[in-house]
Structures are given as C-alpha cells and as structure tokens.
Amino acid sequence: MLFSYTQIAHYLRCPRSYRHRYLDGWREKETRAAMVFGRCFEKALESYFCGGDCGATLYREWGAFHDTPFEYKKGETWDRLVHQGVHLLELFAQDNRVHIPQPQQNLQLKVVRELPNANQFVSYIDAIGELDGQHCLVDWKTTTSRYPEEPAWLLSLDPQLISYSWMTGISDVAFVVFVRKHQPEIQYLKTSISEEQRMEFGRVLQTTIAQIEAAQFPSHSGIRFPQNGCVSCAHLGLCLDDQKLIDSSLIRTARVNDLAWLDELVD
Ligand code: SF4
C-alpha cells in the first residue's frame with residue numbers, strides 16, 4: 001500500500017474517518033475557494049522561481065475558477081483573493097529571502113521511501129533551497145490568519161515538517177506562510193528537527209500502519225472543546241446516518257489508495 005503524511009494524520013485524528021475516506025472512498029466535495037486558491041498560488045510561486053510572470057500565472061490559474069460556485073468566507077470574492085495574491089507575490093519578490101537553485105528539480109519534489117511489507121510512503125516537498133542563505137526544506141502555506149510564533153521552537157513540533165524531515169534527512173525546515181488579511185503579510189518560520197524526532201516519527205508510522213493493516217478503525221469522536229473533531233469532520237453525515245448532510249458535503253470515489261499522492265499535493 002501507498003501511505004502519505006495526510007493519510008497517517010487522518011488516522012491519528014480519527015481512525016473511523018480514515019476508513020470512510022481511504023477504504024470506503026468518501027471524499028469531501030471541493031467547494032472551499034481558499035483551498036483551490038492556495039493551489040493556484042503555489043503554481044504562481046513555481047512560475048516566479050522559474051523566471052516566469054507569476055502574476056499572469058496566478059490570473060490564468062485562478063481565472064479557470066472564475067465562475068465556479070465556491071463557498072467564499074464572509075467578505076471574500078474571486079477578485080479580492082486574486083488582488084491579495086498579487087500583493088503577496090510582490091512582497092515575496094521584495095523580501096527576496098528564498099532562493100531555489102535549479103527550480104525544475106527542487107520544486108514539488110516527489111520523495112518515496114520503502115517500508116516493510118512492500119508498503120511505500122510518498123511525500124511531495126514544496127521546495128528545497130535556501131532561506132536567508134541557509135540550506136532548508138520549505139513548505140508554502142496560504143492562510144487568513146498568522147501562524148503562532150511563540151513559544152520559541154513551537155514549529156519544531158509540527159508533525160508535517162517532522163515527516164518531511166524524516167523523508168529527506170534534512171534537519172532545517174521552514175514554513176513560508178502567506179497571510180491573506182487586510183494588510184497581507186509573509187511569515188518566514190524556521191526550525192530544526194532532531195534525529196530523535198525523526199526516529200520517533202518512524203516508530204509512530206510503523207505502529208499506525210500495523211493498526212491499519214489489522215483493520216482497527218475505532219471512532220475518536222468528540223463534540224466539545226477541545227476535542228470537537230466531529231463538528232468540523234467531513235464524514236459527520238456518515239456517522240449520524242444523515243443522508244442530507246452526506247449529499248451536501250461528500251462524493252464517493254473508487255481506487256482510493258491509488259490517489260494517496262493527490263492528498264499530498266493538496267496539503
Ligand atoms: S464524525 Fe467524529 S467519529 Fe465520525 S469520522 Fe468524523 S471525527 Fe470520527
């Protein structure tokens with residue numbers, strides 16, 4: 001089987017949700033504008049590093065969704081998103097803190113690691129390059145609110161960065177966070193992942209895969225703070241046997257495991 005960070009994170013959050021998603025094929029409908037815009041923005045970044053016109057790329061990519069009936073957050077529109085995106089691209093070019101040598105090879109890198117029992121783990125790394133002159137693995141994020149920066153080293157606990165570090169053996173990792181707010185801002189958040197953290201991730205991964213192979217899918221339900229995962233879970237309709245909710249938020253697909261890599265591109 002092919003595993004990915006998103007799959008493992010899904011299982012750790014709620015094994016029942018993992019079963020709905022990866023074994024039964026229930027996927028969330030792609031109705032959120034912000035998620036699709038984030039993918040278009042990453043294409044524009046790719047164009048920036050390859051010497052293209054990143055603003056034009058953003059207009060072209062996001063333009064393909066101009067008439068798509070997305071759910072927009074309050075105050076958001078197609079135009080507002082594209083203007084925020086262009087502003088952020090200009091800011092990014094002015095800052096000039098990230099450099100990606102040989103962008104054709106160092107952007108959207110597919111990394112595959114062999115696991116026991118003929119399993120594989122796949123990651124798509126956004127970029128490997130330099131941040132402020134330091135060799136670093138970089139993950140882009142687009143969001144509407146700033147990432148927390150305190151206490152110091154908080155980012156070193158981020159499981160996605162730990163998994164990327166485990167995949168590549170690179171200790172220095174960073175999120176470059178494009179914050180779409182009234183005054184757009186970019187956060188350059190660097191941290192370091194230790195060998196011990198990488199080894200621990202490897203152990204958690206093995207344990208989780210063993211539970212999946214043993215068909216252990218108990219529900220980790222929660223509806224009250226701080227464990228209110230069901231409230232925002234796309235599979236809530238399935239657990240409540242609510243057909244209206246299922247129809248409004250989910251679609252069913254086949255050959256689910258073959259699509260593990262797609263999750264990684266989205267995340
Ligand atoms: S609704 Fe709750 S119990 Fe059901 S899959 Fe989602 S998180 Fe798990």
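This is a predicted model: local features need pLDDT of at least 70, side-chain atom pairs count only at pLDDT 80 or more; totals for chains, interfaces and linings use all residues.
In the hairpin formed by strands E4 and E5, 3 residues lie between the strands, and Asn-117 takes a positive phi near 60 degrees. Strand E5 pairs antiparallel with E4 and parallel with E1.

**Strand E5 and its partners**

- Strand E5 spans residues 119–131 and is mostly covered, with 11 of its 13 residues buried.
- Strand E4 (residues 107–115) runs antiparallel to E5, and 8 bridges join the two. Within this pairing, Val-112 stands opposite Val-122 of E5.
- Strand E6 (residues 134–143) is also antiparallel to E5, joined by 5 bridges. Here Ile-128 stands opposite Leu-137 of E6.
- The hairpin of E5 and E6 has 2 residues between the strands, and Asp-132 takes a positive phi near 50 degrees there.
- Strand E3 (residues 98–99) is joined to E5 by 2 bridges in an antiparallel arrangement. Val-98 stands opposite Leu-131 of E5.
- Strand E1 (residues 2–4) pairs with E5 in the parallel sense, over 3 bridges. Phe-3 is found opposite Phe-121 of E5.
- As a general point, the side chains of a regular strand alternate between the two faces of the sheet.

**Helix H7**

- Helix H7 covers residues 159–168, and because 8 of these 10 residues are buried, the helix is largely enclosed by the rest of the structure.
- The buried residues of H7 are Gln-160, Leu-161, Ile-162, Ser-163, Tyr-164, Ser-165, Trp-166 and Met-167.
- At the start of H7, a side-chain oxygen of Asp-158 comes to within 3.0 Å of the backbone nitrogen of Gln-160.
- Just after H7, Gly-169 takes a positive phi of about 80 degrees.
- In general, residues three or four places apart in an α-helix point the same way, because the helix has 3.6 residues a turn.

**Gln-197 in helix H8**

- Gln-197 is located in helix H8, which comprises residues 195–213.
- The relative accessible area of Gln-197 is 17%, so this residue counts as buried, the cut-off being under 20%.
- The side chain of Gln-197 reaches the backbone nitrogen of Ser-194 at 2.9 Å.
- Apart from neighbours within four places in sequence, Gln-197 is in contact with Ser-156, Leu-157, Ile-162 and Ser-192. One of these, Ile-162, is among the buried residues of H7.

**The surroundings of the ligand**

- The ligand is surrounded by Cys-14, Ser-17, His-20, Ser-219, Ser-221, Cys-230, Cys-233, Leu-236 and Cys-239.
- Helix H2 (15–23) and helix H9 (236–240) each supply at least two residues of this shell.
- By residue type, the shell divides into 5 nonpolar, 4 polar and no charged residues.

**Cysteines and disulfides**

- A disulfide is, in general, a covalent bond between the sulfur atoms of two cysteines.
- How many disulfides does a search of the whole structure find? The search finds 0.
- The cysteines in the shell around the ligand include Cys-14 and Cys-230.

Methods:
Residues are numbered from 1 along each chain as its sequence is written. Side-chain values use heavy atoms; hydrogens and water are left out. Buried means under 20% relative accessible area, exposed over 50%, partly exposed in between (1.4 Å probe, protein chains only). Helices (H or I, at least four residues) and strands (E, at least two) are DSSP runs, numbered from the N terminus. A polar contact is a pair of N or O atoms within 3.5 Å; within protein, one must be able to donate a hydrogen and the other to accept it, and residues adjacent in sequence count only if both atoms are side-chain atoms. A residue is near a molecule or strand if one of its heavy atoms lies within 4 Å of it. Ala, Val, Leu, Ile, Met, Phe, Trp, Tyr, Cys and Pro count as nonpolar, Asp, Glu, Lys and Arg as charged, and the others, Gly among them, as polar. Two strands pair if DSSP finds at least two bridges between them. A disulfide is a pair of cysteine sulfur atoms within 2.5 Å. Contact means heavy atoms within 4.5 Å.
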